Amino acid sequence: MAQPLASTELTGLQKAIRWHPPSYDIRVDEVPIPRILHPDDAIVKVRLAALCGSDLHIYRGHGGVNAVHICGHEFIGEVVALGSSFGEEVNGRPALYSQLKVGHKIVSPFTSNCGECSVCRLGYTARCPEGFLFGSPALDGGQAQYVRVPKAGGTLFNLSEPSTWSSDMSKTGRETALSKLSDSSLLVLADILPTGVFAALQTINHPKVQPVLTGRPWPLCFSPGIEGETLSVLQEDRVFTAAIIGLGPVGVCAAISLLDAVSTRSIPFRIIAIDPNESRRTKMQAVYDTIDESGKKGGDFAVLSIDDAKVKAKEWTHGVGCTAVLEVVGNPSALSLAYDLVRPFGVITSVGVHGEPPLPFNGREVYGKNVSLDFGRCPARAMFPPAFDLLVKRQDIFGGVGEASSLIDSIVSFDEAAASYSSFDKGEVGKVIFDPWK
Ligand SMILES: [Zn+2]
Ligand SMILES: [Zn+2]
């Protein structure tokens with residue numbers, strides 16, 4: 001039996017950052033506070049909401065949408081109302097339907113998901129058939145004082161109850177960590193950190209990378225028990241070489257995650273981090289310099305412009321090309337560079353949001369290089385546990401705001417919404433967070 005509403009719903013008006021067609025038109029509007037529309041809904045009072053590079057697609061009028069809507073898909077806040085599906089007696093549904101309470105602190109992934117279909121059960125939560133992207137005409141976003149979260153028991157992370165997710169850390173360890181993490185730090189869990197971790201883990205676990213990691217040639221790398229064939233792999237073949245294209249916040253998170261993955265597994269590595277924008281390279285270098293040895297030991301790391309990166313990749317791989325390329329931009333020229341840099345039997349992992357233009361290579365080219373292409377949106381709900389553990393470990397980076405090595409540049413009020421979108425669009429500022437109550 002579902003219980004009645006766990007709280008009295010709020011009524012009245014709220015402030016919200018809304019996009020107006022056709023482009024470059026951001027306004028702070030007074031709109032109704034969202035209501036429970038479905039028994040699985042939660043209403044969240046937003047504590048902080050971030051501006052993200054992928055918000056710019058719609059901002060510029062390239063998102064293929066035409067309807068006024070509340071922006072933003074990265075938010076953290078507190079549950080203020082729950083639909084009638086929630087209650088302690090609920091069984092056989094995702095844990096949050098029985099455990100989430102009014103007053104709990106939550107962070108949401110950037111898409112909603114049911115948590116109950118085959119797609120969700122397998123961890124591919126970003127493509128739940130019932131899911132929506134926050135901050136789109138289909139689902140109002142989190143750059144508001146309140147936001148409605150559909151399928152909230154499948155979507156949200158309950159930061160007040162760490163037993164509701166898996167972790168390498170003990171429950172007590174998670175509780176202690178949570179008591180020390182700032183809201184601005186936890187907000188990176190909404191998108192940029194899980195997406196970076198996703199890009200790194202998808203790469204390091206790719207079948208094509210296994211000969212390098214195991215020291216056993218294709219296809220013996222998949223059959224650890226088989227002996228009898230001379231293993232011809234040399235130590236120099238076992239250096240994992242990677243390029244990361246695009247050093248915005250997600251690219252930096254991907255670099256942090258990849259460095260952590262290879263150093264903790266004692267994989268020798270050479271990683272090239274690439275961006276044409278000098279201020280982004282400076283940020284990446286400051287982040288790398290700040291990470292302690294436990295998160296980067298055992299290899300080389302270079303932050304370079306595109307031309308310098310091409311030279312360095314040739315030098316570091318003896319002209320063969322990189323084992324893997326992480327493409328974190330989402331346009332044809334970045335993919336084209338990825339193709340140039342990757343080795344035969346290499347992997348391109350693309351988490352950039354791509355648009356309409358065709359891919360910059362043809363069938364003969366991908367056949368000719370045996371290249372593997374991995375595309376698409378991060379299943380942030382599923383990536384939360386490893387992202388949380390890395391967030392705790394890397395507080396040297398994620399703990400600060402406005403420092404040289406911080407991913408978050410500033411926390412501003414809604415009064416600065418239009419100006420923040422404009423300067424973020426022009427690359428004049430890094431990641432900006434809105435405080436809707438400031
Ligand atoms: Zn985002
Ligand atoms: Zn689902």
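How many bridges pair strand 1 (residues 13-19) with strand 4, and in which sense? Strand 1 and strand 4 are joined by 2 bridges in the antiparallel sense. Two strands count as paired if DSSP finds at least two bridges between them. Helices (H or I, at least four residues) and strands (E, at least two) are DSSP runs, numbered from the N terminus.

The model is predicted: local features need pLDDT of at least 70, side-chain atom pairs count only at pLDDT 80 or more, and totals for chains, interfaces and linings use all residues. Residues are numbered from 1 along each chain as its sequence is written, and chains are lettered from A and ligands numbered from 1 in the order in which they are written.

Trp 19 has His 69 of strand 4 as its bridge partner.

Strand 9 (residues 240-245) is mostly covered, with 6 of its 6 residues buried. A residue is buried if 20 or more other C-beta atoms lie within 10 Å of its own, exposed if 12 or fewer, and partly exposed in between, with C-beta atoms placed from the backbone. Phe 240, Ala 242 and Ile 244 point one way from the strand, while Thr 241, Ala 243 and Ile 245 point the other way.

| Partner of strand 9 | Bridges | Residue pair |
|---|---|---|
| Strand 10 (residues 269-274) | 6 bridges | Ile 245 and Ile 274 |
| Strand 12 (residues 322-327) | 4 bridges | Ala 242 and Ala 324 |

From strand 9 the chain crosses through helix 9 to strand 10, and this β-α-β crossover is right-handed. The term means that, with the strands pointing away from the viewer, the path from the first strand over the helix to the second runs clockwise.

Helix 9 (residues 249-264) has 16 residues, and at 1.5 Å a residue it should span 22 Å; its end C-alpha atoms are 22 Å apart, which agrees. The expected span is 1.5 Å times one less than the number of residues. Ser 266, which follows helix 9, has a positive phi near 55°.

The largest nonpolar core has 121 residues, of which Leu 189, Ala 243, Ile 244, Ile 245 and Val 325 touch the most other members. Helix 9 gives the largest share of this core, 10 residues. At least three residues of the core come from each of domain 1 (13-191 + 380-435) and domain 2 (195-375). A nonpolar core is a set of buried Ala, Val, Leu, Ile, Met, Phe, Trp, Tyr and Cys residues joined through C-beta atoms within 7 Å, and the domain bounds come from an automatic or database domain assignment.

**Annotated spans**

An unreviewed UniProt entry annotates residues 39-152 as "domain: Alcohol dehydrogenase-like N-terminal". Over residues 39-152 the chain is 12% helix and 25% strand, with end C-alpha atoms 10 Å apart. The UniProt annotation "domain: Alcohol dehydrogenase-like C-terminal" (unreviewed entry) covers residues 270-391. That span is 43% helix and 25% strand, and its end C-alpha atoms lie 23 Å apart. UniProt positions follow the numbering used here, feature names are shortened, and annotations may be inferred rather than shown by experiment.
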